[in-house]
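Please keep the sequence and the coordinates at hand while reading.

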Amino acid sequence: MRSVIVIGGGISGLAAAWQLRGQADVTVLESHAKVGGKLRTGTVAGITVDEGAESLMALRPEAVELAAAVGLGEALCDPAKAPTTIWTNGALRPLPAGHVMGVPTDPSALIGTGLLSPEGVARVAAEETLPATPLTEDCSVTEYLGGRFGQEAVDRLIEPMLGGVYAGLAERLSLRAAMPRIAALAEQGTPLLPALRRMRAAGAPRSGAVAVQGVVGGTGRFPAAVAEACGARILTGTTARSLQQVGDGRWRVQAMTGDGALTMEADAVILALPAFAAAELLRPHSPLAEAELSSIPHASTAVITMAFSRAQAHFLPQGNGFLVPPVDGHTLKAASFLSNKWSWLHDSAPETFVLRASIGRIGEDALLGRPDRHLVRSAIAELHHAVGPMGEPLATRVTRWDRGLPQYGVGHRERVARIREAAGKLPGIALCGAAYEGVGVAACVATGRAAAKQVLAQP
Ligand SMILES: Cc1cc2nc3c(=O)[nH]c(=O)nc-3n(C[C@H](O)[C@H](O)[C@H](O)COP(=O)(O)OP(=O)(O)OC[C@H]3O[C@@H](n4cnc5c(N)ncnc54)[C@H](O)[C@@H]3O)c2cc1C
């Protein structure tokens, strides 16, 4: 049986290991004490919460299908129904239904929401009268969508969504890589509003379908379930330090463990790592892949989870949370009202109200350099401002995700093609993870499974 070493025990690497089950002898190397990477649970005031990803995309199948396959089908759960809400122009303002990543499909639904000025709404509505501007080469979200819908729509509708997913900025993110559905319409060269309306009419999710799902007990349970189901040998606390090609196309991995150095060999190696970590290991073998991987920027973020006593809180917010546009100058990027959003969490601690605030976009390293207590104070002050005076939390937990989210800059898809071409010249090496074709868990699962199929297909 072919032997495969998967380096990186996040969801991408574990999905690769799961895909290989029964077809290869698989070892997963993970530097942390537990598998999961950006999927993990922790506790605040004794309550289990997600510290990283809290939901799985349900409109594409990969993540929820894998969760069901590894025994979490019964645990998949829908969030409470609530509109996406933006904290802007001094209030929480629901985004009208029907938007695609913040791009509105019905400008008239924006009237009276306070999201945009009357001029801003008129500018959005004028999009369908503008001459077509077919997208022929990649450009930033701002360049294309600002040109079609106006800067105000980018600032207050689209940018907050991009902040929520990528911790990125519209002026830097690639339209093609960060908003592929919109880019595909833009390539057709027709005005976007009628094209979006047609797209929604043709492919609107069936009634009642939810965009995301969670896992009872936390989405952070998902990696351990995959690890258990995949049957691979999992070595945690083991950091791969170097890769060497040995005879017969095999690869040797030198790793460091708590007990000292470890050397292993296999027929194939899957690098399921953040781009900068994959770059390190590929440096001696492909300077081109190393350079391209190293040039992918990463945003750092912090998640601040807070538990409030329901009895003592002055005020508790409604809804599932809100997103924040940077143009308003706030520190917060988003807030998620976990006790409203996930019934399992509410039921696990009915006397407590748990929320999480997110801070940090690309370029906000100075903000994230502040000590935890400053981040907590800023988050509480802004939450009071946004939703009302909640009082002081019983407990807080700050989770920092240093270089946690890769940024898909202009030309990202071409960069990924160059990386994949360069890595393709190294037989037995495959790449997967959030750096390539999508940062969401579902996209990561897809890249992991594709990397596994790639190494199985190699002679
Ligand atoms: C705060 C936050 C919230 C998010 N929320 C959501 C969400 O709600 N929904 C969603 O779909 N997505 C969300 N995402 C994105 C998503 O969680 C990640 O993109 C995805 O989990 C990345 O998985 P991965 O396996 O590719 O990488 P990682 O999770 O980064 O896993 C890589 C693993 O490799 C290990 N590693 C690194 N170097 C080495 C080495 N040399 N040797 C051995 N091991 C090594 C790391 O320890 C890590 O465990 C969120 C991301 C963040 C940061």
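Which element supplies the largest share of the shell around the ligand? The model examined here is a predicted one, and in it that share, three residues, comes from strand β11. Strand β11 spans residues 238–245, and it is one of several elements that each supply at least two residues of the shell; the others are α1 (11–19), β19 (395–406) and α17 (441–457).

In total, 35 residues surround the ligand, and the closest of them are S12, E30, K38, V439 and V441. Sorted by class, this shell is made up of 17 nonpolar, 14 polar and four charged residues. The side chain of E30 places an N or O atom 2.6 Å from an oxygen atom of the ligand. The backbone takes part as well: an N or O atom in the backbone of S31 lies 3.1 Å from a nitrogen atom of the ligand, and for S55 a backbone N or O atom lies 2.8 Å from a ligand nitrogen atom. Taken on its own, the ligand has 1000 Å² of accessible area, of which the protein covers 88%.

The position of the ligand can next be related to the domains. The domain assignment divides the protein chain into domain 1 (2–77 + 215–296 + 408–457), domain 2 (85–203) and domain 3 (298–406).

Several single residues illustrate how the chain is packed. T301 lies in strand β15, which covers residues 298–309. Is T301 buried or exposed? With a relative accessibility of 10%, T301 counts as buried, because the limit for that class is under 20%. Apart from residues up to four places away in sequence, T301 touches A167, K333, I359, G360, L368, T399, R400, W401 and L405.

L345 belongs to helix α13, residues 343–348, and its relative accessibility of 1% places it among buried residues. Beyond its neighbours within four places in sequence, L345 is in contact with I47, T48, V49, L338, S339 and V354.

T41 counts as partly exposed, at 31% relative accessibility. From T41 to G440, the distance is 17 Å between C-alpha atoms, with 399 residues separating the two in sequence.

In the loop between β3 (41–44) and β4 (47–50) one finds A45. Although A45 is not a glycine, it has a positive phi of about 50°. A45 is partly exposed, with a relative accessibility of 44%.

A positive phi, near 50°, also occurs at M101, which is a residue other than glycine. M101 is placed in the loop between β8 (91–94) and α3 (118–125). Its relative accessible area of 21% makes M101 partly exposed. Not counting residues up to four places away in sequence, M101 touches I158, M161, L162, V165 and M179. M101 and I182 are 8.8 Å apart, C-alpha to C-alpha, although 81 residues apart in sequence.

An α-helix has 3.6 residues a turn, so residues three or four places apart point the same way.

Definitions and conventions
Residues are numbered from 1 along each chain as its sequence is written. This is a predicted model: local features need pLDDT of at least 70, side-chain atom pairs count only at pLDDT 80 or more; totals for chains, interfaces and linings use all residues. Side-chain values use heavy atoms; hydrogens and water are left out. Helices (H or I, at least four residues) and strands (E, at least two) are DSSP runs, numbered from the N terminus. Buried means under 20% relative accessible area, exposed over 50%, partly exposed in between (1.4 Å probe, protein chains only). Contact means heavy atoms within 4.5 Å. A residue is near a molecule or strand if one of its heavy atoms lies within 4 Å of it. A polar contact is a pair of N or O atoms within 3.5 Å; within protein, one must be able to donate a hydrogen and the other to accept it, and residues adjacent in sequence count only if both atoms are side-chain atoms. Accessible areas come from the Shrake-Rupley method with a 1.4 Å probe; for residues, only the protein chains shown count as cover. Ala, Val, Leu, Ile, Met, Phe, Trp, Tyr, Cys and Pro count as nonpolar, Asp, Glu, Lys and Arg as charged, and the others, Gly among them, as polar. Domain bounds come from an automatic or database domain assignment.
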